[in-house]
Amino acid sequence: MDHDTFIGQVQHRAHLDSRGAAETATRATLETLAERVPAGLADKLAAQLPREVGENLRRVATAPDQPTTGVHMSNREFFDRVAQRAGANTAKAAHEARCVMEVVTDATQGTLTDKVRQSLDHELADSLFAGSRGSQAGGT
């Protein structure tokens, strides 16, 4: 999947009014995910995504102040961080993050997204991987 297709899919699934909004949702979600999962896993995921999209993971995962094991955060903390980065309310950010992860799953090998899911606590994994039809509240 190329960059334009990826962003177009995020825009469509999240019902966003512009490609810029889809770019913002993608960046906010993947930067937050890179904080949460082990750095090596974030790098492997980035390698399977379009270069411009994967950079959102690499930029955070390789930051010198980022722990290589990832930062534990609750479901609410995760979506609050996405919301802060996206400049959106938490419910909207949670919906957009689920849409981004749905496209990530489509764009990568299934076993890798399974590993990402396994690296998260159960509540966050269930909420983040609920897909574009998941509830607006995102389990927050």
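**View 1. Helix 2 crosses helix 5 with a right-handed sense.** The model shown here and in the other views is predicted. The two axes come within 8 Å and cross at roughly 140 degrees. Helix 5 covers residues 75-86. Angles over 145 degrees count as roughly antiparallel, and 65 to 115 as roughly perpendicular. Helix 2 and helix 5 are therefore oblique to each other.

**View 2. Residues of helix 2 meet residues of helix 5.** From helix 2 come Thr24, Arg27, Ala28, Thr29, Glu31, Thr32, Leu33, Glu35 and Arg36. From helix 5 come Phe78, Arg81, Val82, Arg85 and Ala86. By class, this contact has five nonpolar, three polar and six charged residues.

**View 3. Ala28 sits in helix 2.** Helix 2 spans residues 19-36. Is Ala28 buried or exposed? Its relative accessibility is 0%, so Ala28 counts as buried. Leaving aside residues up to four places away in sequence, Ala28 touches Val82, Arg85 and Ala86. Arg81 is 53 residues from Ala28 in sequence. In space, their C-alpha atoms are 8.0 Å apart.

**View 4. Phe78 and Phe79 form an aromatic pair.** How many aromatic pairs does the structure hold? It holds one. The ring centres of Phe78 and Phe79 are 5.4 Å apart, and their planes stand at 85 degrees, so the pair is edge-to-face. Both Phe78 and Phe79 are buried.

**View 5. Helix 1 and helix 6 come within 9 Å, axis to axis.** Helix 1 runs over residues 3-14, and helix 6 over residues 90-107. Their axes cross at roughly 140 degrees. That angle makes helix 1 oblique to helix 6. The crossing of helix 1 and helix 6 is right-handed. On the helix 1 side, the contact is made by Phe6, Gln9, Val10, Arg13 and Ala14. On the helix 6 side, the contact is made by His95, Glu96, Cys99, Val100, Glu102, Val103, Val104, Asp106 and Ala107. Sorted by class, the contact of helix 1 with helix 6 has eight nonpolar, two polar and four charged residues.

**View 6. His15 lies in the loop between helix 1 and helix 2.** The relative accessible area of His15 is 67%, so His15 is exposed.

**View 7. The protein chain has eight helices and zero strands.** From the N terminus on, its elements run α-α-α-α-α-α-α-α. The protein chain has 140 residues, and buried residues make up 49% of them. How far apart in sequence are the residues that contacts join? Among contacts between residues at least 6 apart, 72% join residues at least 24 apart.

Key: Residues are numbered from 1 along each chain as its sequence is written. This is a predicted model: local features need pLDDT of at least 70, side-chain atom pairs count only at pLDDT 80 or more; totals for chains, interfaces and linings use all residues. Side-chain values use heavy atoms; hydrogens and water are left out. Axes are lines fitted to C-alpha atoms, for helices over the stretch in contact, and angles run from 0 to 180 degrees between N-to-C directions. Helices (H or I, at least four residues) and strands (E, at least two) are DSSP runs, numbered from the N terminus. Angles under 35 degrees count as roughly parallel, over 145 as roughly antiparallel, 65 to 115 as roughly perpendicular and the rest as oblique. A crossing is left-handed if the near helix is turned anticlockwise from the far one by less than a right angle, and right-handed if clockwise. Contact means heavy atoms within 4.5 Å. Ala, Val, Leu, Ile, Met, Phe, Trp, Tyr, Cys and Pro count as nonpolar, Asp, Glu, Lys and Arg as charged, and the others, Gly among them, as polar. Rings of Phe, Tyr and Trp (its six-membered ring) pair if their centres lie within 6.5 Å; planes under 30 degrees apart count as stacked, over 60 as edge-to-face and the rest as tilted. Buried means under 20% relative accessible area, exposed over 50%, partly exposed in between (1.4 Å probe, protein chains only).
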